[in-house]
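Q: Hi! Could you walk me through this one with me? I'll just ask things as they come up.
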Amino acid sequence: MANIAYDRKEQVQQIESGLLDGEQIIAVYDAVGTGTGFIGLTDRRVIIQDRSFVGKRYAITSIPYSKITSVSVVSNKSWGGSFFSTGAIAIHVGTHTYEVEFRGAQKSHHVHNVILHNIS
């Protein structure tokens with residue numbers, strides 16, 4: 001875990017338990033807001049924990065980079081040019097968009113850059 005950027009060790013462990021042979025974790029960030037628990041980035045895919053299912057159920061969704069059509073930084077950037085304490089990412093997969101909000105804009109920029117690198 002020395003080279004993995006992460007917020008919570010238990011989230012990294014959850015991602016580790018489902019890795020494919022040879023797959024490496026890049027980052028695992030905690031998400032804020034309703035619905036999403038965390039986002040994990042590996043060298044092969046994006047993994048999102050979605051807690052928005054009825055009955056206290058949740059899903060771990062794997063999105064191969066090849067299926068992502070675009071990624072957006074969604075920011076509450078002011079006209080003055082400074083960022084507030086949160087940032088969000090929108091990941092577009094076909095007609096579906098996954099939005100993940102983070103504590104701190106630097107995490108959203110990191111996720112954006114990793115995804116963009118892997119889809120270009």
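Q: Which residue in E2 is the bridge partner of Tyr6?
A: That's Val28. Keep in mind that this is a predicted model.

Q: Okay, and how do strands E1 and E2 run, parallel or antiparallel?
A: Parallel: E1, residues 5-6, is joined to E2 by two bridges.

Q: Nice. What is the bridge partner of Val28 in E3?
A: Gly40 is the partner there. E2 and E3 (residues 36-42) run antiparallel, with five bridges between them.

Q: How many residues of E2 are buried?
A: Five of the six, so to speak: strand E2, residues 25-30, is mostly covered.

Q: Switching topic: what's the order of elements from the N terminus on?
A: They run β-α-β-β-β-β-β-β-β-α, with two helices and eight strands in the chain.

Q: And helix H2, how many residues does it have?
A: H2 has 15 residues, 105-119. From first C-alpha to last, H2 reaches 21 Å, close to the 21 Å expected at 1.5 Å a residue.

Q: Which residues of H2 are buried?
A: Ala105, Lys107, Ser108, Val111, His112, Val114 and Ile115.

Q: Last one: what about the chain overall, how much counts as buried?
A: Of its 120 residues, 41% count as buried. The chain exposes about 6,900 Å², and carbon and sulfur atoms supply 50% of that area.

Note on methods. Residues numbered from 1 in each chain as written. Predicted model: local features only at pLDDT ≥ 70, side-chain atom pairs only at ≥ 80, totals over all residues. Heavy atoms only, no water. Helix = DSSP H or I, 4+ residues; strand = E, 2+ residues; numbered from the N terminus. Buried < 20%, exposed > 50% of the residue type's maximum accessible area, 1.4 Å probe, protein only. Areas by Shrake-Rupley, 256 points an atom, 1.4 Å probe, with all protein chains shown as cover. Expected span 1.5 Å × (residues − 1). Pairing = 2+ DSSP bridges.
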